[in-house]
Amino acid sequence: MLQRMSGVFIGALFGTIFVVANAHDPLNPAVGIALRVLAVLTFAGLLALALRAGRRGEPAVTDAEAAQADWFRGKFAFVVGAEVVLLIGGNLALRAAGAPQETAVAWIALIVGLHFVALMAVWKRRSIAVPGIALTALGVTGLGMAATSAVAWVPFVSGVLSGVALLGGCAYAIAHTYRATVRS
């Protein structure tokens with residue numbers, strides 16, 4: 001459970017960062033502050049729930065989970081390595097092509113989303129497909145918006161909404177784990 005929860009914490013942290021870094025103009029400043037505060041509070045709540053679940057004890061390990069006892073090696077390392085190369089290379093290519101700076105967050109959302117879709121196959125966890133597909137779609141949408149007069153809204157669409165998708169996916173995973181500990 002600890003390995004799975006560390007992945008959930010990483011997702012929740014990056015979801016929080018997505019919101020905090022992108023909840024700005026053209027949003028009303030009060031709305032931006034409210035979104036940032038909500039993201040941080042959500043992260044804190046998820047952390048508290050996960051710690052409480054950990055104190056309740058480990059849920060029964062299924063055969064599928066036992067086979068995935070080492071989630072962060074092998075194919076995972078390849079997926080993350082490819083993600084880093086695509087993030088850096090893609091952002092450099094977008095800059096070289098003269099794309100607006102707002103495309104950076106859209107590119108990040110796209111690649112992070114695709115990384116979740118790839119990890120779904122590696123970890124055989126369909127639940128991570130939902131945030132993966134959401135981030136991929138929000139990244140593609142933001143890249144499309146960058147060529148329009150709506151370019152100023154790309155950080156909200158590809159950044160804030162991606163953060164909400166990550167936090168929501170992590171909330172689902174932590175709640176599911178917590179319920180499993182209650183049933184144990």
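Analyst: A residue counts as buried when its relative accessible area is under 20%. Ser-158 has a relative accessible area of 0%, so Ser-158 is buried. The model it belongs to is a predicted one.

Ser-158 lies in helix H7, which covers residues 154-183. Leaving aside neighbours within four places in sequence, Ser-158 is in contact with Phe-18, Val-105, Ala-106, Ala-109, Leu-138, Gly-139 and Gly-142. Among these, Ala-106 and Ala-109 are part of helix H5, while Gly-139 and Gly-142 are part of helix H6.

First, the setting. The protein chain has seven helices and zero strands, and from the N terminus on its elements run α-α-α-α-α-α-α. Of its 184 residues, 38% count as buried. Among contacts in the chain with a separation of 6 or more, 76% are between residues 24 or more positions apart.

H5 itself has 21 residues. From its first C-alpha to its last, H5 reaches 30 Å, close to the 30 Å expected at 1.5 Å a residue. H5 is followed by Lys-124, whose phi is positive, near 55 degrees.

Next, the contact with helix H4. H4 spans residues 75-96 and H5 spans residues 103-123. Their axes come within 10 Å and cross at roughly 165 degrees. An angle over 145 degrees counts as roughly antiparallel, so H4 and H5 are roughly antiparallel to each other. Their crossing is right-handed. H4 brings residues including Phe-76, Val-79, Val-80, Leu-86, Leu-87 and Leu-94 to this contact, and H5 brings residues including Ala-104, Ile-108, Ile-111, His-115, Leu-119 and Trp-123. By class, the residues of the contact are 15 nonpolar, four polar and two charged.

An α-helix has 3.6 residues a turn, so residues three or four places apart point the same way.

Then the contact with H6, residues 129-145. Here the axes come within 7 Å and cross at roughly 155 degrees. H5 and H6 are therefore roughly antiparallel to each other, and H5 passes H6 in a left-handed crossing.

Thr-103 is in H5 and is buried, because its relative accessible area is 5%. Not counting residues up to four places away in sequence, Thr-103 touches Leu-94, Leu-143 and Ala-146.

Finally, back to H7. Ala-171 also lies in this helix. Its relative accessibility is 28%, so Ala-171 counts as partly exposed, whereas Ser-158 is buried. Ala-171 and Leu-47 are 124 residues apart in sequence and 9.7 Å apart in space, C-alpha to C-alpha.

Notes
Residues are numbered from 1 along each chain as its sequence is written. This is a predicted model: local features need pLDDT of at least 70, side-chain atom pairs count only at pLDDT 80 or more; totals for chains, interfaces and linings use all residues. Side-chain values use heavy atoms; hydrogens and water are left out. Axes are lines fitted to C-alpha atoms, for helices over the stretch in contact, and angles run from 0 to 180 degrees between N-to-C directions. Helices (H or I, at least four residues) and strands (E, at least two) are DSSP runs, numbered from the N terminus. Angles under 35 degrees count as roughly parallel, over 145 as roughly antiparallel, 65 to 115 as roughly perpendicular and the rest as oblique. A crossing is left-handed if the near helix is turned anticlockwise from the far one by less than a right angle, and right-handed if clockwise. Contact means heavy atoms within 4.5 Å. Ala, Val, Leu, Ile, Met, Phe, Trp, Tyr, Cys and Pro count as nonpolar, Asp, Glu, Lys and Arg as charged, and the others, Gly among them, as polar. The expected span of a helix is 1.5 Å times one less than its number of residues. Buried means under 20% relative accessible area, exposed over 50%, partly exposed in between (1.4 Å probe, protein chains only).
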